[in-house]
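Visitor: I am new to this structure. Please take me through one part closely: the aromatic rings.

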Amino acid sequence: MRKEPFTKKSSVYADAMQTFHRAADLIALTPRVRLELEEPDFEHIFYLTLELRDRLVPVPEDHPEASRFLDLPASSVKAGEALEPLANGDFVLHQQALLNADITCREGVIRIPGRGLFRMVRGKPRKFKAYRIQHNQVRGPYKGGIRYHKDVSLDLFKTLAADMTWKTAIVDIPFGGAKGGVRIDPQAYSREELEHLTLRYMYKLKNLMGPFLDIPAPDVNTNPEIMAMMMRQYTDGERLHHALHGVVTGKDVRIGGSEGRFKATGQGIVYCIEEWARDKGFDLRGARVLVQGFGNVGSAAAEILHGLGALIVAVNDAHGTIHADEGIDIPALLHYVHENPENLRKTVLGFPDAPGISRSDFWKLDADIAIPAGLGCEIDGNVAEVLKVKLVVEGANGPTTPEGDRVLAARQIDVIPDVIANAGGVTVSYYEWLQNQRMEHWTEQEVNSRLERAIKSNLAIIRDVARDVPNKTPVHDSRRYCIGKRIDMRTAAMVLALRRIEAHYLLEGFSQ
Ligand code: NAD
């Protein structure tokens, strides 16, 4: 029998590392440094168990079972927060659910007025797969976000952890790279269940975390509330707990978070766009912008750009796309998505003044700038082929596939790569950590002026490397990094990262 020829399995990690290898070849990276960076320092994979509460799961009207319950009287549950609605349509029953309730239950099914039939499902323990990948710490403590998502994997977290190593080097902050999280669809769990999951996650990782060891932050589906829980779990029972607040960043400003951190990633994106516009002589007032993802990153970028006079003409998220050719009212959209308790999925869909369009039409719209700020691998070859914009600014991590990159380059669409475009978050995380160590609290203006300098000066270095024009100005110096030929922006950013990381190995040597 003929054997299939061996083909190396492609993966997100292998794809992402193409840029690493290209840059490493170009600068003849020291072979041992290449080996150190090729794979993470540590891959922690573990399991979390959780006791789930009882639930009410919808029985669809057209389900054959539903016809047997046509005459089932309605139940009424009066206790305040007895039933917690979840974005997936279930209700979680809290302990006081039956207080003052008037319930008629037949074969485990009840009817809730205005909502339909629900089957009671008994809570039981469940197991979740969890990860923390610590990629590299030669420049400082491991640093990177925590993601709760149903599609995470070792391969993805390795990619995101390595991205953090490059990113912290590119904005020149003394941190390394890490990433982690849990494979879970958080929209299907109650606030209390997610709290237990978060506490359990930190409990299991406690020995591997610390303000000088590994510092988590928010990422997809995690937020300042989750960071507060992590900090509490880490510091609980510690005599010097106040000295440990730097164990997580992205905290609420009232408990040691930094002014400006919440919007920092979006703000960094806008600093990149401003620098690009200045360089090109492009007026941002009236510029037409597409935003994918309206979570922390996408909504902050949209809000700040809207404030600068740009028009956000369409927004796409996990549930749909909205479009308004004259520009969407972003303050109203922020309210609709983030401050509306009825909008459980936190989606832009259904926003009154902007009709829905298809996802494929979203990318084809007439616009100047696209900001993918949802998940990875969204701009593939096909999307890159139909985009009409002049600039793609990568808010998300890894939103462009290698094929997408090739098409964008061929079509001469500029790209500001993720490792600088979305580095505002980790940069202000560093400022938060510094403020925690020094027990200080900086103003938003101070934070933003430092952030602006960090983003714009390092973007200027990357641009010089890409154009091969070594240059020194009062705010940046690219002479050490140019390689004697022109390269694309993504490779240039990696060159900058690798040169800065390599310096540590070359000057400090390797521990034996
Ligand atoms: P978030 O959970 O606050 O929001 C995610 C948004 O993306 C939501 O609007 C969601 O509906 C949307 N989305 C999810 N899947 C999608 C899909 N398939 N298509 C279109 N939209 C989709 O997350 P976030 O913190 O805003 O992170 C967004 C991206 O930015 C991620 O790639 C994350 O790794 C990256 N990032 C975040 C930070 C940060 O500080 N939060 C920093 C750097 C990079």
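Guide: Here is a walk through the aromatic pairs. This is a predicted model, where local features need pLDDT of at least 70, side-chain atom pairs count only at pLDDT 80 or more, and totals for chains, interfaces and linings use all residues. Residues are numbered from 1 along each chain as its sequence is written, and side-chain values use heavy atoms, leaving out hydrogens and water.

The structure holds 15 aromatic pairs. Rings of Phe, Tyr and Trp (its six-membered ring) pair if their centres lie within 6.5 Å; planes under 30 degrees apart count as stacked, over 60 as edge-to-face and the rest as tilted.

Take Phe20 and Trp166. Their pair is stacked, with 5.4 Å from centre to centre and 15° between the planes. Phe20 sits in helix H1 (residues 12-26) and Trp166 in helix H3 (residues 154-170), 146 residues apart. Helices here are DSSP runs (H or I, at least four residues), numbered from the N terminus. Both Phe20 and Trp166 are buried, meaning under 20% relative accessible area (1.4 Å probe, protein chains only).

Now Tyr431 and Trp442. Their centres are 5.9 Å apart and their planes are at 40°, so this pair is tilted. Tyr431 belongs to helix H13 (residues 424-438), and Trp442 to the loop between H13 and helix H14 (444-467), so the pair ties together parts eleven residues apart in sequence. Both Tyr431 and Trp442 are buried.

Key: Helix = DSSP H or I, 4+ residues; strand = E, 2+ residues; numbered from the N terminus. Buried < 20%, exposed > 50% of the residue type's maximum accessible area, 1.4 Å probe, protein only.
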